Amino acid sequence: MHSNGPAHQKLAIVMVGLPARGKSYTARRIERYLSWLGYKTRVFNVGQYRRARVGAQVPHGFFDPHNPEGAEARRLVAIEALDDMLDWLGGNGHVGIYDATNSSVERRALVRTRCEQAGLQVLFVEMQCDDPAIVENNIRATKLSSPDYENVDEKSAVEDFRRRIEHYILAYEPVSESEGAYLRVSGAGRNITVSQVDGYLHGRLVFFLMNLHLVDRPILLTRHGESMYNVVDRIGGDSDLSPDGQRYARALAGFVDERFPDHSELAIWTSSLRRAVHTAGILGRRSMPWRALDEINAGICDGMTYEQIKEAMPNEFTARSRDKFRYRYPRGESYEDVIARLDTVIIELERTRRPVLVVAHQAVLRAIYAYFHNIPPEQCTRLQIPLHTVIHLQPHAYGCEEERIPLAV
Ligand code: F6P
């Protein structure tokens, strides 16, 4: 499944919870994270199947558990989505995320039985939220723009959605221990309860969800200033900044002072390599070096130019051009290896509520950038991360905005 980890059983993540509790948001975040880690992951959203089969605009009474036609129509679309997920997992998918309310014990038993018969491990992820302000906010932020309420005035849409939630409350039974492995997120995302979670992937998910929050803050990425090795096109090494590199660090200091005059407002992380530490040093602020941010290890090619590698080790050069993502430098690393060691950095970036400036290197920043933009990891190896440019990322609930700021040296 993933060349860096142990073999895993395929996994069905089954979302649970009332409407407007952040299920789809969480499902998408899990999808992005696991895809970045190399697992083929896909969300199957039952709402989309319902819209395709019975149309987007159905009155709230459709969701009333005492309405037999509505209940039967909802059961059919739920099964259709489940069948598609099982088909996909029977092929080359690794992790399916079944995004529906799954709010009754009976429905969850059906889903679980079908998944287990297909040889899948099952994990329920239940989203609970009793804070009316957050629910109201979710309704306004996501439901009003849904096709379910296209051309419906705001007041009627909110009112209809509230009634829809009330129908679900009648049928809602929280997950209990007798239902197998589950992970419950409650208290506005701050409390995580786990039961019977087992294995590596479950563990990663607990850790990931523990650190998610909804505070919007920018992440700024920059390569170190030009190094002496950059000047002569050598890769790797631990050389210091060139005169232009030092000028970039000073320009970066001006940029950072202008945007973040309060020093405590911005966290600064660097790799442990001289060119990155020195760049951050010129900013005159506290920074934290991380080995996990060091540049891809070029092994026996460290310190060479691409031309020299091509001449002295043509087979290595060709192998890398063929599959740059999986190619591992002899005694060094591949991009896939880099992603595995950046996992802790991503979790820490998710956890941090302050803006963060990451001063690192080309390959490492390609991998981090791919995470925020939800770019398949194999495609990260040729992304443009130029020197002397700040990449300002503003991740949002459903995407990431970007501004590139080249700084003149
Ligand atoms: O050339 C600068 C550099 O950071 C090297 O140290 C590193 O080996 C390389 O970029 C990574 O880029 P690529 O994967 O395209 O060779």
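His-388 counts as buried because its relative accessibility is 12%, where buried means under 20% relative accessible area, exposed over 50% and partly exposed in between, using a 1.4 Å probe and protein chains only. This is a predicted model, in which local features need pLDDT of at least 70 and side-chain atom pairs count only at pLDDT 80 or more, while totals for chains, interfaces and linings use all residues. Residues are numbered from 1 along each chain as its sequence is written, and side-chain values use heavy atoms, with hydrogens and water left out.

- His-388 lies in the loop between α14 (362-373) and β11 (389-396); helices (H or I, at least four residues) and strands (E, at least two) are DSSP runs, numbered from the N terminus.
- The phi of His-388 is near 60 degrees, a positive value in a residue other than glycine.
- Most residues other than glycine have a negative phi.
- Asn-102 is not a glycine either, and has a positive phi of about 40 degrees.
- You can find Asn-102 in the loop between β3 (95-99) and α4 (105-117), and with a relative accessible area of 2% this residue is buried.

**A buried arginine**

- Arg-21 sits in the loop between β1 (11-16) and α1 (23-36).
- Arg-21 is buried yet has no salt bridge, a salt bridge being a side-chain nitrogen of Lys or Arg within 4 Å of a carboxyl oxygen of Asp or Glu.
- The nearest side chain of opposite charge to Arg-21 is that of Asp-130, 5.3 Å away; Lys and Arg count as positive and Asp and Glu as negative, while His and the chain ends are not counted.
- Leaving out residues up to four places away in sequence, Arg-21 touches Met-127, Gln-128, Cys-129, Val-135, Asn-138 and Ile-165, with contact meaning heavy atoms within 4.5 Å.

**Around the ligand**

- The residues around the ligand include Arg-223, Asn-230, Glu-295, Tyr-306 and Lys-324, a residue being near a molecule if one of its heavy atoms lies within 4 Å of it.
- Tyr-335 has a polar side-chain atom 2.6 Å from an oxygen atom of the ligand.
- For Arg-366, a polar side-chain atom lies 2.9 Å from a ligand oxygen atom.
- Taken alone the ligand exposes 390 Å², and the protein buries 92% of that; accessible areas come from the Shrake-Rupley method with a 1.4 Å probe, and for residues only the protein chains shown count as cover.

**Salt bridges**

- How many salt bridges does a search of the whole structure find? The search finds 24.
- Arg-247 pairs with Asp-244, their closest N and O atoms being 2.9 Å apart.
- Both Arg-247 and Asp-244 lie in helix α9 (residues 243-259), three residues apart, about one turn of the helix.
- Arg-259 forms a salt bridge with Glu-403, with the closest N and O atoms 3.6 Å apart.
- That pair links distant parts of the chain, since Arg-259 is in helix α9 and Glu-403 in strand β12 (residues 399-406), 144 residues apart.
- Arg-259 is partly exposed at a relative accessible area of 33%, and Glu-403 is partly exposed at 37%.
- A network of salt bridges links Glu-136, Arg-140, Glu-154, Glu-159 and Arg-162.

Definitions and conventions
A polar contact is a pair of N or O atoms within 3.5 Å; within protein, one must be able to donate a hydrogen and the other to accept it, and residues adjacent in sequence count only if both atoms are side-chain atoms.
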